[in-house]
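I opened this entry to keep a record of what I looked up in the structure, in the order in which I looked. The sequence and the model come just below, and my notes follow.

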Amino acid sequence: MGSNADKEGSDSFGWDTEDEQELMLPSSASPRCFGNGFVGCSDEASSSAGPSTKLISHFVGMGFSRDMVLTAIDENGEANTDAILETLLTYSALEKSPPKTEHVACEGEQFASEWSSSESAGDFLDDFSDEDYVGSEDNDENLSEMERTLKQLVGMGYPAAEAAIAIERCGQDASIMELTDFLCAAQMAKAADALLEELPRFGSNEGEQRRNYFNGDPRKKKRFYADDNWERKRQKQRVRHRDPNEEIDTTIIPNPMVGFGIPGEPWRARHQRTLPDEAIGPPYFYYENVALAPKGVWSTISRYLFEIEPEFVDSKYFSAAARKRGYIHNLPIGNRFPLLPIPPQTIHEALPMTKRWWPTWDSRTKLNCLQTCLASAQLTDRLRKAVEDYNDNPPLNIQKYVMEQCRKWNLVWVGKNKVAPLEPDEIESLLGFAKNHTRGGGISRTERLKGLGNSFQVDTVAYHLSVLKDMFPNGMTVLSLFSGIGGAEVALYRLGIHLKTVVSVEISETSRNILRSWWESTNQSGNLIDIDDVQKLDADKLEQLINSFGGFDLVIGGSPCNNLSGSNRVSRDGLEGKHSSLFYDYFRILNQVKVIMAK
DNA sequence: AAAAAAATGATCGTTGGC
DNA sequence: GCCAACGATCATTTTTTT
């Protein structure tokens, strides 16, 4: 993925920072209060004189001009934030809605900083009011499709803020049914969240094995609401989504990172767990992403996915390379079995030719995480020069430097004093694919490496999926989202599970080609349908697919991690990042599938 | 020979678990 | 304190295609 996950306008007003998300938490247990985005904020605002800067900047941050916001607050009063938002939306609809929302959608960050310079505020309205402002009748003819839908949803009793988000997430031309599904699911997720605040959800009443996975501290939330730096932070050029006073992530990553169990260690495995009713299939589902995401991300993901506890697993227990990932799924966890043959577990077994050249002072037995970037030839050359003057025994400082670089870039010894990055076919093997899985057919080496870097580790995923084999002796119908180079498909295939129909959604053409070519070279008798964009997979399309195949047995996928990964220094923006926010499409599609299949 | 695509290399912080 | 982390961007060179 990477270049492929972009979606015009997939960022949105509404959920673009965790601050706002935090503010949207209901303060009462009433599920219908969700939409009031300011339960926490307006209390505070009402106690101070004049419009709260927080309130103003919140709306400005959503892309409305300061003038507009002030007027809207004037009209509605500060407390009624839903009404303010509606007024604002109406203003923009009357003026000309596209420029506002699109601008915000694509350039949220610059936008925020734009407004931090004092006097650019206020011209937004002017910008388009003199263009093609036609008439101000408040009738539907002047409203865009989106505004009409919005009105309709508001008319149905949904808060405007939520409705706007739903349209954003489901796409402008989503059907009302689709939108209400989304809203319904979102409300359930938030209701659960509200409960979470009140109860010690995962208590220790299940004994030692069930460790506390959330342990929220409500006091910290209070401190957050009292934080006056909100506006300043929001306007920093690089919006930082992490903040000490923000929602505390209470996700506990187990050590060792073996999830609910790994092959060969039955004494450590869990065999039972209790899933909430809403989480139980059909369909089964399986979601994946990087384990070491910014704080709060996994608890958010979990909240959306029925509050199922993530299973964190490092693939170093399945192969010779580390890969720390979290998985949320509703599969049974007893009676798993590993793929055979068990792949080599050490670097030397996986790459026998390196053994001969491996210096005694390089103690690595496992590789670090396989990523999308490789070391340069220059670097390996520098390392060669650093080492070759010493006869197999460089001084400690040289050893230290070389080892640092080797770990950082996952280098292996391929000759006397020679280190090198892994070759694509070696990465394929380490990830559980056949050699040349990604080779040929017009795929460049760079794209190969990118696809591989973003892939599942097949043995790991297959171990989790193995429980399906006995349950589906006649094969499965699979919806594979963000398929990439087909890790899920390969895992199922290698388990000997027949693939009846696979609907695969993958934006990258080269990745689709790789999957298609694998499908053909393995002589699959089933049907592979590919779709390029998750946003094209709307309720209608799903209904059509489900009607023709009789429903999905499994919905599987890992959404883009690039805004979550620690390697990303530029845009580690969290779950609301440009790419990683596609998680919400996973959530949306899963719920739509459930709804449609329930009928 | 020009244009397009692919490859290369340098450089860029922060976070969070242990 | 140590260490790891499905990355992004830019300029430049090299290779391939037209």
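**Nonpolar cores**

I looked up the largest nonpolar core and found that it has 69 residues, with L305 and L479 making the most contacts inside it. Helices (H or I, at least four residues) and strands (E, at least two) are DSSP runs numbered from the N terminus. I noted that this core draws at least three residues from each of domain 1 (3-123 + 141-199) and domain 2 (250-342 + 448-598), where the bounds come from an automatic or database domain assignment.

I then listed the contacts of L479, leaving out residues up to four places away in sequence, and found V503, L537, L542, F552, L554, V555, I556, I589 and V593; contact here means heavy atoms within 4.5 Å. A second, separate core has 65 residues, and L431, F456, V478 and I556 are included in it.

**Basis of the model**

I am working from a predicted model, in which local features need pLDDT of at least 70 and side-chain atom pairs count only at pLDDT 80 or more, whereas totals for chains, interfaces and linings use all residues. Residues are numbered from 1 along each chain as its sequence is written, chains are lettered from A and ligands numbered from 1 in the order in which they are written, and side-chain values use heavy atoms, with hydrogens and water left out.

**Chain A overall**

I recorded 25 helices and 9 strands for chain A. Of its 599 residues, 56% count as buried. Among the contacts in chain A with a separation of 6 or more, 73% come from residues 24 or more positions apart.

**DNA strand C**

I next asked which residues surround DNA strand C, and counted 23 of them, the closest being R325, T372, G453, N454 and C561; a residue is near a strand if one of its heavy atoms lies within 4 Å of it. By type, the residues of this surface divide into 5 nonpolar, 12 polar and 6 charged, with Ala, Val, Leu, Ile, Met, Phe, Trp, Tyr, Cys and Pro as nonpolar, Asp, Glu, Lys and Arg as charged, and the others, Gly among them, as polar.

For polar contacts I used pairs of N or O atoms within 3.5 Å. A phosphate oxygen of DNA strand C is 2.3 Å from an N or O atom in the side chain of T372. The elements that give two or more residues to the surface near DNA strand C are β1 (284-290) and β3 (324-329).

**Backbone geometry**

I found a cis peptide bond from N255 to P256, with omega near 0°, and P256 is placed in the loop between α13 (230-235) and β1. The bond from L340 to P341 is also cis, with omega near -5°, and P341 lies in the loop between β3 and α15 (347-350).

Phi of F482 is near 50°, a positive value in a residue other than glycine. F482 sits in the loop between β6 (476-481) and α22 (487-494), and F482 is buried at 9% relative accessible area. D392, with phi near 60°, is likewise a non-glycine residue with a positive value, in the loop between α16 (377-388) and α17 (396-409).

**Single residues**

P394 also lies in the loop between α16 and α17, and P394 is buried, with a relative accessible area of 3%. Leaving out residues up to four places away in sequence, P394 touches W361 and Q399.

T460 is in helix α20, residues 458-465, and counts as buried at 0% relative accessibility. With residues up to four places away again not counted, T460 touches V313, S315, F318 and Y327.

Notes: Polar contact = N/O pair within 3.5 Å; in protein donor to acceptor, adjacent residues only side chain to side chain. Core = buried A, V, L, I, M, F, W, Y, C linked by side-chain atoms within 4.5 Å. Buried < 20%, exposed > 50% of the residue type's maximum accessible area, 1.4 Å probe, protein only.
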